[in-house]
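Please look over the sequence and the structure below before reading on.

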Amino acid sequence: MTLEELVACDHAAQKMQTVSAAVEELLVAAQRQDRLTVGVYEAAKLMNVDPDSVVLCLLAMDEEEEGDIALQIHFTLIQSFCCDNDIDIVRVSGMHRLAQLLGEPAEAQGASEARDLHCLLVTSAHADAWKSQGLVEVATYCEESRGNNQWVPCIALQER
């Protein structure tokens with residue numbers, strides 16, 4: 001590996017950490033301000049009624065769920081809708097960290113009454129151009145990824 005390749009790998013790792021932290025900040029701020037829709041079904045309802053209010057879609061799944069065909073079909077349909085409506089999309093892994101961020105109780109994470117955290121929508125009212133630093137960082141990352149022909153970038157939320 002050359003020095004240039006090492007520097008590029010280090011830069012990519014730093015960028016991934018920055019974007020991961022921005023996603024975490026954004027989710028906490030959006031939930032606090034009631035701008036977060038959680039769940040595949042709830043997200044589909046919102047996108048059907050008011051797609052212009054959605055500014056970011058997060059599709060979350062861990063490696064062990066990759067064989068879930070129904071979830072993959074949902075994701076494909078949601079991604080298609082987001083692309084048609086110019087909504088940024090990010091794939092996220094680290095469901096346990098996601099549950100921590102959103103305040104899911106530890107005993108409910110494995111229970112049937114736990115919320116469906118596979119799809120999260122961040123919204124912004126039409127009249128107010130809500131922008132958090134996290135949203136700007138994630139939107140920039142999505143734009144850079146599209147420039148590199150990675151239409152749905154992936155990030156990993158790290159356990160803490």
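**Helix 3 and its surroundings**

The buried residues of helix 3 pack against helix 2 (40–49), strand 2 (54–60), strand 3 (88–93) and strand 4 (119–123), where contact means heavy atoms within 4.5 Å and buried means under 20% relative accessible area, with exposed meaning over 50% and partly exposed in between (1.4 Å probe, protein chains only). Helices (H or I, at least four residues) and strands (E, at least two) are DSSP runs that are numbered from the N terminus. This is a predicted model, in which local features need pLDDT of at least 70 and side-chain atom pairs count only at pLDDT 80 or more, while totals for chains, interfaces and linings use all residues. Residues are numbered from 1 along each chain as its sequence is written, and side-chain values use heavy atoms, with hydrogens and water left out.

- Helix 3 (residues 69–84) has 16 residues and reaches 23 Å from its first C-alpha to its last, close to the 22 Å expected at 1.5 Å a residue, the expected span being 1.5 Å times one less than the number of residues.
- The residues of helix 3 that are buried are L71, F75, I78, Q79 and C82.
- An α-helix has 3.6 residues a turn, so residues three or four places apart point the same way.
- On the face of helix 3 that is turned away from its buried side, the exposed residues are I69, L77 and D84.

**The ends of helix 3, and positive phi**

- At the N-terminal end, helix 3 is capped by D68, which has a side-chain oxygen 3.2 Å from the backbone nitrogen of A70.
- After helix 3 comes D86, whose phi is positive, near 55°, and D86 is placed in the loop between helix 3 and strand 3.
- Most residues other than glycine have a negative phi, yet D86 has a positive one although it is not a glycine.
- D86 is exposed, with a relative accessible area of 71%.
- N149 is another residue other than glycine with a positive phi, near 60°; N149 sits in the loop between helix 5 (133–147) and strand 5 (154–156), and it counts as exposed at 60% relative accessibility.

**The chain as a whole**

- The protein chain has five helices and five strands, which follow the pattern α-β-α-β-α-β-α-β-α-β when read along the sequence.
- Of the 160 residues in the protein chain, 44% are buried.
- Among contacts between residues at least 6 apart in sequence, 80% join residues at least 24 apart.

**Salt bridges**

- The count of salt bridges comes to two, a salt bridge being a side-chain nitrogen of Lys or Arg within 4 Å of a carboxyl oxygen of Asp or Glu.
- R146 counts as partly exposed at 30% relative accessibility, whereas D88 counts as buried at 13%.

Note on methods:
Polar contact = N/O pair within 3.5 Å; in protein donor to acceptor, adjacent residues only side chain to side chain.
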